[in-house]
Amino acid sequence: MMPFEFLRAEDAVGAVAAVTRHPDAAYLAGGTNLVDRMKLGVATPSLVVDISHLPLDQIVELPDGTVRIGAMVRNSDLAAHFLIRQRYPVLSQALLAGASGQLRNLATTAGNLLQRTRCVYFQDVSMPCNKRDPGSGCSAREGYTRYHAILGASAGCVAVHPSDMAVAMAVLDASVMVTGRTGERSIRLTDLHRLPGDAPHRDTVLTHGELITAVDLPPLSFSQHSAYRKVRDRASYAFALISVAAALELGDRRDAAGIPTIRDVRIAFGGVAHKPWRATAAENLLRGAAASVENFREAADVELAKAETLHDNAFKVTMVRNTVASLLADLTRRQVGDVGGDLAGQEHKP
Amino acid sequence: MTELISLRVNGEDRSIIVDTRTTLLDALRDRLGVTSPKKGCDHGQCGACTVLLDGRRAIICLAFAVAHDGAEITTAEGLAEGDALHPIQQAFLETDALQCGYCTPGQVCSAVGMLAEAERGAPSHVSDDLIGGIELNDDEIRERMSGNLCRCGAYVNIVAAIRRVAGAESAS
């Protein structure tokens, strides 16, 4: 590992100042991704600024109902927080589907957002990779692509963002609070991560030295009707092949066949793109439509119309489609069940 | 570049000067002679280095020692009270929950941390209900222990050992 200087930040202002004036400084929080990359030689900071002790470890409810999650809240604490479990189950579920208990005890909210892809070529310094070494080429395109993108990729990069948590936050319309040398700003979570385009080395829109201080979850009337479903190669402790986060609000009206209509819906995909993929086309199609499995599948198809698969990952299109349908069917069943409705004949057939 | 750090390891205060690149795992094993945390993958994937760090289970191969100045660490050596093994350690012996034993110190520390998490009501990926109480059935134990790999495949008896302790705790 490259030698580095270590600085324990006293406060956010000092941390930002230290990293901003040092072109290859890095923030250290839980360390579960940065330290791994440093061992692999993928990250080579000459200054490491430890922000894990900053007082950003609280979860508070603001007067307008927004839930503010401190950047240094540990993944395990966020998943187990009563407010999150009760009001935003999709977020608890996404966190609990990621990593392992002993990793979640270390990993932080901001660190989870800023973790980097686990593309095997990005992590292997002997291989070309445009994300690690701009202009060197992409080894994945003609390589092992089971875990790679089907949406929004570019000629230069087909990596996916590995976070589960971020997919849930995308569905919850979260915003990221950022502080930098020139002041504070708020970024919609869905705008934080970039598509690779011709600059895959840039994962996010953050500039060097900007520090995430919190993530805000705005009030969403139906957020308790939300869930996360992750499909992976083994039952636990594996990155997603694909995942789907969704929140669903049903209206009182039923169509001629007695099927309830969808008043509002939020859907996002993980494991398919360089960023958490908010499925707005699917949402637009479903708003006002009947909550039927056929409609759920059609909405997924609309969102996936522009999917471009690689030689090992064509299965992801079907997998996303089926997962969208089964997850939305479950969310429908749970709510209509609450009022004694009947969804007979709408069982999801995989 | 070096820094002076202090750690409280299994109840004993220790101070050492470390290179900033030193992980907590290497500091314990190579500098302090505390060798129960094992170096398996050294990349946060196997769980062999799991200890209780400030009271919670954590892997320490991806933790820089300098970032944990002042930390309190309990390893498998520190779980026993004198000659009396921790109930989890005793259960591992009684149910034959190991073959080569390399992953075992990490397994027992992880199990101790995991039982405390369940005791606090923390749900897991396989919990049916995020709000309700936790019943540590075999599915829950497997899911919560999935961060500890065992290449001998002693999982069946590891689950049995933990079930025995979890059952005793919930019965008392």
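Modeller: This is a predicted model, and the term to settle is burial: a residue is buried if 20 or more other C-beta atoms lie within 10 Å of its own.

Biologist: With that cut-off in hand, how many of the residues of helix α5 of chain A are buried?

Modeller: Helix α5 of chain A spans residues 89-96 and is mostly covered. Among its buried residues are A:P89, A:V90, A:S92, A:Q93 and A:L96. What covers the buried residues of α5(A) includes α3, α4, α6, α8, β9 and β10 of chain A. The count of buried residues in the helix is eight of eight.

Biologist: Turning to chain A as a whole, what radius of gyration does it have?

Modeller: The secondary structure of chain A comes to twelve helices and twelve strands. The globule rule gives 20 Å for 350 residues, and chain A comes close to this, so it is as compact as a globular protein of that length; its radius of gyration is 21 Å.

Biologist: And what percentage of the contacts in chain A with a separation of 6 or more comes from residues 24 or more positions apart?

Modeller: The C-alpha atoms of chain A fill a box of roughly 70 × 50 × 35 Å along the principal axes, and buried residues make up 54% of the 350 residues in the chain. Of the contacts in chain A with a separation of 6 or more, the share from residues 24 or more positions apart is 65%.

Biologist: In chain B, how far apart do the C-alpha centres of domain 1 and domain 2 lie?

Modeller: The domain assignment of chain B gives domain 1 as 2-78 and domain 2 as 87-171. In the contact between them, 15 residues of domain 1 of chain B meet 13 residues of domain 2 of chain B. On the domain 1 side, β3 (51-53) and β4 (56-58) of chain B each supply at least two residues, and by class that side has seven nonpolar, five polar and three charged residues. The C-alpha centres of the two domains lie apart by 22 Å.

Biologist: Which element supplies the largest share of the side of chain B that touches chain A?

Modeller: Between the chains, 31 residues of chain B are in contact with 29 residues of chain A. On the chain B side, β4, α3 (104-119) and α4 (138-144) each supply at least two residues. The residues of that side divide into 13 nonpolar, eleven polar and seven charged. The largest share, four residues, comes from α3(B).

Biologist: Finally, is B:I162 buried or exposed?

Modeller: B:I162 lies in helix α5 (residues 155-171) of chain B. Not counting residues up to four places away in sequence, B:I162 touches B:A111, B:I141 and B:M145, while B:R29, 133 residues apart from B:I162 in sequence, is 27 Å apart from it in space, C-alpha to C-alpha. Because 29 other C-beta atoms lie within 10 Å, B:I162 is buried.

Definitions and conventions:
Residues numbered from 1 in each chain as written. Chains lettered and ligands numbered in written order. Predicted model: local features only at pLDDT ≥ 70, side-chain atom pairs only at ≥ 80, totals over all residues. Rg over C-alpha atoms; globule rule 2.2 N^0.38 Å. Buried ≥ 20, exposed ≤ 12 C-beta atoms within 10 Å, placed from the backbone. Contact = placed C-beta atoms within 7 Å. Domains from an automatic or database assignment. Nonpolar A, V, L, I, M, F, W, Y, C, P; charged D, E, K, R; others polar.
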